[in-house]
Amino acid sequence: AWCAVDSAEAAQVFTDHVRRAATWSLAARGETAPRLPEIGHDTELVGWSWAADTHSWLEPTCMFVMGLRAAGYGDHARVREGVRLIVDRLLSGGGANYGNTIVLGQALVPHVQPSGLAMLALAGEASDDPRVGKSLDYLEASIGPDMSAPSLALACLGLVAHGRQAAPSGEWIARALDQGALKDLAAYEQSLLLLAAAPLAWVASAGLSSTHEEVH
């Protein structure tokens, strides 16, 4: 957010805030664990966790990767490992959940919200892993007008960041914003819907994708 404000203003008022936040973020790290046959994902990859001294999970790693990349740290080793972790946590059939793939031999199921966030975080990354394309296919097949505001917004943003867009999604977002129910939404949910309502400009300003111009 600080980077976005500074990029739109002549005065770089948040430069020191960004520097200190990046320093803190790069020092924070999720806990690793030895690989086990019962767990499908690579437990030795270092990302970010929801709470200190706990395992790395998908959603916080996505947010740290995007924030650090926006701050100019996209080539940092921690960010590159974070990207590898995000890809590693994608399910074999596409999509993602909180960050588990297989547990005790059972393949887990994807959810729209973390899948959209993962695709947004991977925008602009040169990955030939087939799970990325399958995850985009999953989002296109799963997105709909009746899902929650965060799921709808992040699914739209994740698709647009890769040059895809579910045809009626703009209408669904407009309907969500025009239902008179905004007062019942948290500020976080309102903000996501507003970002998704104009995703091309936001994706471009965040430097997340080189394919945003292909989306209409």
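Q: Is S151 buried or exposed?
A: S151 counts as buried because its relative accessible area is 12%, where buried means under 20%, exposed over 50% and partly exposed in between, with a 1.4 Å probe and protein chains only.

Q: What kind of model is this, and how are the residues numbered?
A: This is a predicted model, in which local features need pLDDT of at least 70 and side-chain atom pairs count only at pLDDT 80 or more, while totals for chains, interfaces and linings use all residues. Residues are numbered from 1 along each chain as its sequence is written, and side-chain values use heavy atoms, with hydrogens and water left out.

Q: OK, back to S151. Where is S151 found, and what does S151 touch?
A: S151 is found in helix α7, a helix here being a DSSP run of H or I with at least four residues and a strand a run of E with at least two, both numbered from the N terminus. Not counting residues up to four places away in sequence, S151 touches V112 and Q113, where contact means heavy atoms within 4.5 Å.

Q: How many residues does α7 have, and what span does α7 reach?
A: Helix α7, residues 149-160, has 12 residues and reaches 17 Å from its first C-alpha to its last, which is close to the 16 Å expected at 1.5 Å a residue. The expected span is 1.5 Å times one less than the number of residues.

Q: How many residues of α7 are buried?
A: In α7, 12 of its 12 residues are buried, and the helix is mostly covered. Among them are A149, P150, L152, C156 and V160.

Q: How do α7 and α9 cross?
A: The axes of α7 and helix α9, residues 187-197, come within 9 Å and cross at roughly 30°, the axes being lines fitted to C-alpha atoms, for helices over the stretch in contact, with angles from 0 to 180 degrees between N-to-C directions. The two helices α7 and α9 are therefore roughly parallel to each other, given that angles under 35 degrees count as roughly parallel, over 145 as roughly antiparallel, 65 to 115 as roughly perpendicular and the rest as oblique.

Q: Which residues make that contact?
A: From α7 the contact is made by A149, P150, L152, A153, L154, C156 and L157, and from α9 by Y188, E189, L192, L193, L195 and A196.

Q: Changing topic, what is the overall pattern of the protein chain?
A: The protein chain has 10 helices and 2 strands, and read along the sequence they follow α-α-α-α-β-β-α-α-α-α-α-α. Of the 216 residues in the protein chain, 43% are buried.

Q: Which residues is R80 in contact with?
A: R80, which is found in helix α4, residues 77-88, is in contact with G74, D75 and E125, leaving aside its neighbours within four places in sequence. At 25% relative accessibility R80 counts as partly exposed, and the C-alpha atoms of R80 and G47, 33 residues apart along the chain, are separated by 9.7 Å.

Q: Last one: what is the phi of D53, and of L104?
A: D53 has a positive phi of about 65° although it is not a glycine, and L104, also not a glycine, has a positive phi of about 55°. D53 is found in the loop between α2 (15-27) and α3 and counts as exposed at 64% relative accessibility, while L104 is found in the loop between β1 (102-103) and β2 (106-107) and is exposed, with a relative accessible area of 69%.
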